[in-house]
Amino acid sequence: MDVAQVEYLCNSYGLGDPLKELQAVSGGLLHRMWRLDTTQGTFAVKQLNPVIMQKPHMLTSYRLSEHIAAEMASHGIPAVAALTRNGDPVQVIGTQTLMVYRWLDGKTLLPEHVEPAQGRVMGTLLGQMHVLNLHVAELPQPEWKHFRDDDWDLLTVHAYDAGISWATPVRSVMHKLIEWSKLYEQAGEKLSDTYVVSHRDLDQKNVIWQDAQTLWLVDWEAAGLVNPTMELVSMALDWSGLATGVVREDIFTPIMESYVNVGGKVRDAGIDALYGVMGIWLSWLLFNMRRSLGESALDEEERQAGIREVPLVIARLRTLAYYAEGWAKWVDRWRSQE
């Protein structure tokens, strides 16, 4: 963003005069975040990835997700919604698509630093969101992605030709990718019977803690309809240590317990929910494989981010597949008999 765009943004929102240049904020996987200090306070500016914004209906999608965040906040959920200008949370300035938020002081947790008490807080919040059962008429039904065998094949071939480091390791698990894709699609037939409106990306990077009990839920861009059991299991695994390779039952259990205690219902089989979660990671893998090859990558830095992400996702998929049956039993302990 240049100086003129920053000044226009400040004037449009009535943010005061900028005091210094924008400061880049680390942590975003798709978009860029900036800290803006002005005479009226401090703000976070999200600069949406222009390649992603070229896709059809993306502006509508972001407006809907911010509407969900605002609705959640109006019901007492600590959701952080974008500031609006003329009722619109998304602003297009020149070639940039921007969103502005109040700056929040606090910290995000690393997976290895999560404790059971924090898991309990997260389970409570997710249960409260699901029990609200918000109705947003414009929301599209979730798409249960179909993974074509040829996609995995062609992408690894292109990566090998381009000399990308993950080409051979991913090629070696090709049969597993196909197997996991089928399991996900079969689970989707069962999980598509029940949906709620929710965040859909409640891992550690999207929760800012001001203290042990005060937190804010940010980055609602993925918000929409989701199977509640699948989201619960996905969040429980994230907060229990999936990224570390060791999922802690002493965190997983309080998440499930607190979710049920506030009225959340576990209606689906644990194994179906786990295969549904595998589909989330398969989608993220496919995106990063393509990003490694230059698709949806704004620059070389983003392309390299995709290359780094691919082996991490493969590791998580392997872990999910290996422990799926055991973790399904953890989920089924809480399954509703209604």
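**Salt bridges and a helix**

Modeller: Let us start with a pair: Lys 46 and Glu 221 form a salt bridge, with their closest N and O atoms 2.9 Å apart. A salt bridge here is a side-chain nitrogen of Lys or Arg within 4 Å of a carboxyl oxygen of Asp or Glu. This is a predicted model, where local features need pLDDT of at least 70 and side-chain atom pairs count only at pLDDT 80 or more, while totals for chains, interfaces and linings use all residues. Residues are numbered from 1 along each chain as its sequence is written, and side-chain values use heavy atoms, leaving out hydrogens and water.

Biologist: How many residues apart in sequence are Asp 219 and Lys 46?

Modeller: Their side chains meet in a salt bridge, at 2.8 Å from N to O. Asp 219 lies in the loop between strand 8 (215–217) and strand 9, and Lys 46 in strand 3 (residues 41–47), so the pair ties together parts whose separation is 173 residues. Helices (H or I, at least four residues) and strands (E, at least two) are DSSP runs, numbered from the N terminus.

Biologist: Is Lys 46 buried or exposed?

Modeller: Buried means under 20% relative accessible area, exposed over 50%, and partly exposed in between (1.4 Å probe, protein chains only). Asp 219, at 24%, is partly exposed. Lys 46 has a relative accessibility of 3%, so Lys 46 counts as buried.

Biologist: Which residue meets Lys 190 in a salt bridge?

Modeller: The N to O distance in this bridge is 3.7 Å, and the partner of Lys 190 is Asp 272. The pair links helix 7 (residues 174–191), which holds Lys 190, with helix 10 (residues 270–292), 82 residues apart.

Biologist: How far apart are the end C-alpha atoms of helix 3?

Modeller: Helix 3 (residues 58–74) has 17 residues. The expected span is 1.5 Å times one less than the number of residues, so helix 3 should span 24 Å. The model agrees, with its end C-alpha atoms at a separation of 24 Å.

Biologist: Which residue with a positive phi follows helix 3?

Modeller: Along helix 3, the buried residues include Met 58, Tyr 62 and Met 72. The buried residues of the helix pack against several elements, among them helix 4 (116–132) and strand 5 (96–102). After helix 3 comes a residue with a phi near 90°, Gly 76.

Note on methods: Contact = heavy atoms within 4.5 Å.
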